[in-house]
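Please examine the model shown below, which is a predicted one. The paragraphs that follow begin with a single residue and then turn to the wider fold.

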Amino acid sequence: MKNNILIVDDLHPAFMEQAKGFGYTCNYQPDMKLEEAFAIIDNYDGLAIRSKFQVDKAFIDQAKNLRFICRAGAGMDNIDEEYALAKGIKLINAPEGNMDAVGEHAVGMLLSLMNNLNTADAEIRAGSWRREENRGHELKGRTVGIIGYGYMGSSFAKKLSGFGVEVIAYDKYKTGFSDKHAREVSMEEIVKRSDVLSLHVPLTKETNGMVDDEYFFHFKKPIFFLNMARGKVVKTQAVLNAIKQGKIIAAGLDVLEVEKFPALGEQPWFDELRKSGRVILSPHVAGWTFDSYRKISEVMAQKLGELGLA
């Protein structure tokens with residue numbers, strides 16, 4: 001059967017509707033397990049997935065007729081991208097669909113950190129009224145450093161444009177990207193001038209474990225730290241160490257090295273992280289809103305149509 005797509009994750013109906021209009025047949029199986037998908041993938045031209053399982057070499061080799069993979073999200077780290085491309089498989093992702101969600105989430109976390117909103121709320125609910133201890137910091141006049149200036153980094157910069165901050169950005173793989181929202185700088189300037197540091201890089205062999213004790217050591221001022229990228233880019237213990245050393249004032253982490261319980265609770269650093277009043281956590285939802293759920297599927301379907309494979 002030609003022009004058929006196996007969908008193994010929960011997608012907005014917009015993807016199926018548009019794909020059908022392009023001439024595709026969709027087999028929507030959001031509860032399908034890896035073993036089940038592995039057994040039938042050789043019957044499909046396309047695969048649509050979020051983050052359910054790794055599309056590794058073994059899976060790709062099994063998918064003998066696969067022509068494209070649609071990843072409903074921004075990153076491609078659960079797909080062996082290099083091997084898939086070598087096999088002639090087209091790869092589609094949709095960072096345009098959740099860039100606004102990530103940018104807004106980052107702003108929300110930053111404002112919460114700078115104004116002690118989570119701590120103050122918890123204290124009042126517990127019967128404690130501490131004004132002086134919860135006095136906040138203003139964002140205006142600060143320098144915000146962004147690492148990675150793709151869809152997510154540029155979205156965050158745009159959202160900051162009304163706060164009266166200077167936004168500087170570093171991207172190892174891009175040059176000449178300065179715009180009205182951010183100025184391209186060297187990494188040396190990032191570590192020298194940043195009051196806020198926000199990560200927006202993909203997870204690759206190079207960025208895996210990139211942010212460690214030595215990374216924070218080089219920053220000249222205490223910073224507010226945000227990670228909206230991937231958990232494995234940052235060593236969580238290094239964040240906790242930097243907080244104790246005064247290198248980090250407070251941190252907002254949407255992602256962690258290990259996610260979901262019970263595995264998360266078994267990490268040697270989790271108890272310290274859980275007890276820290278200097279960290280705000282969210283369960284990898286920065287890019288996952290009711291709106292981005294729809295927009296990701298729409299963007300992905302549009303890109304599929306532009307490939308003209310049907």
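Leaving aside residues up to four places away in sequence, Glu 123 touches Ser 128, Arg 130 and Asn 134.

Buried positions also occur in helix 7 (residues 151-159), where Met 152, Gly 153, Ser 155, Phe 156 and Ala 157 are buried. Their cover includes helix 5 (95-114) together with strand 6 (143-147), strand 7 (166-170), strand 9 (196-199) and strand 10 (223-227).

Five strands in the order 2-1-3-4-5 make up an open sheet with parallel pairing. On average, neighbouring strands are turned by 20° against each other, direction ignored. Within this arrangement, strand 3 (residues 46-49) pairs with strand 4 (residues 68-71) in the parallel sense over four bridges, and Ile 49 stands opposite Arg 71 in strand 4.

Helices pack on this sheet as well. Helix 1 (residues 13-21) lies across strand 1 (4-7), strand 2, strand 3 and strand 4, and runs at about 170° to strand 1. Helix 12 (residues 290-307) touches strand 1, strand 4 and strand 5 as it packs on the sheet, its direction making about 155° with that of strand 5.

Terms used. Residues numbered from 1 in each chain as written. Predicted model: local features only at pLDDT ≥ 70, side-chain atom pairs only at ≥ 80, totals over all residues. Heavy atoms only, no water. Pairing = 2+ DSSP bridges. Helix = DSSP H or I, 4+ residues; strand = E, 2+ residues; numbered from the N terminus. Axes fitted to C-alpha atoms, helices over the stretch in contact; angles between N-to-C directions. Contact = heavy atoms within 4.5 Å. Buried < 20%, exposed > 50% of the residue type's maximum accessible area, 1.4 Å probe, protein only.
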